[in-house]
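Grab a pencil and open the structure viewer. Here are two exercises, each with a worked solution.

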Amino acid sequence: MSVADDETWMKHALALAERAEREEDEIPVGAVLVSAQGEVLGEGWNRNIGDHDPSAHAEIVAMRAAGRKLGNHRLVGSTLYVTLEPCAMCAMAMVHARVARAVFAASDPKTGAAGSVFDLLADPRHNHRVEVRGGVLADEAGRRLSNYFRAKRGKPPLD
């Protein structure tokens with residue numbers, strides 16, 4: 001996929017993040033899983049609050065939908081676009097699913113597992129490594145996340 005493709009798909013993930021916040025008051029993280037041919041295999045947003053499910057992160061929701069669509073737990077050749085750097089749980093799910101690429105927007109300096117705090121996707125001890133590209137439309141994603149939490153604390157939004 002090209003840089004332009006990465007930005008196009010990240011805009012799709014950002015729209016999903018916006019829906020998470022607007023429709024369900026969930027933390028605004030969106031994810032879309034795309035095949036090597038450019039077909040949407042699965043998409044989702046954070047649902048852990050509403051579903052009472054600690055594993056219902058946007059990436060997991062998107063990969064579950066893709067697995068159902070493909071009838072397979074392997075998501076070979078796919079690219080996962082997500083608006084926040086994956087955590088350890090999501091990163092390892094990508095490794096086990098054999099996702100080819102992970103493209104994320106905002107880094108997560110507290111729990112990021114794609115290079116910020118941990119680097120699980122590229123760890124040579126795994127039998128599969130996921131190519132990573134971070135920082136795609138990071139400012140927009142980071143601002144959305146910051147403003148969500150600022151609103152929860154009664155603070156004005158950032159511009």
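This is a predicted model: local features need pLDDT of at least 70, side-chain atom pairs count only at pLDDT 80 or more; totals for chains, interfaces and linings use all residues.

**Exercise 1.** Find which residues touch the most other members of the largest nonpolar core, then find which element gives the most to this core.

Step 1. M10, M94, V99 and L121 touch the most other members of this 43-residue core. A nonpolar core is a set of buried Ala, Val, Leu, Ile, Met, Phe, Trp, Tyr and Cys residues joined through side-chain atoms within 4.5 Å; buried means under 20% relative accessible area (1.4 Å probe, protein chains only).

Step 2. Elements giving two or more residues include α1 (3-24), β1 (30-34) and α5 (138-152). Helices (H or I, at least four residues) and strands (E, at least two) are DSSP runs, numbered from the N terminus.

Residues are numbered from 1 along each chain as its sequence is written, and side-chain values use heavy atoms, leaving out hydrogens and water.

**Exercise 2.** Work out the strand order of the sheet, and say why one side of β2 and of β5 is left without a neighbour.

Step 1. Trace the five strands: the open sheet runs β2-β1-β3-β4-β5, with mixed pairing. Two strands pair if DSSP finds at least two bridges between them.

Key: Buried means under 20% relative accessible area, exposed over 50%, partly exposed in between (1.4 Å probe, protein chains only).
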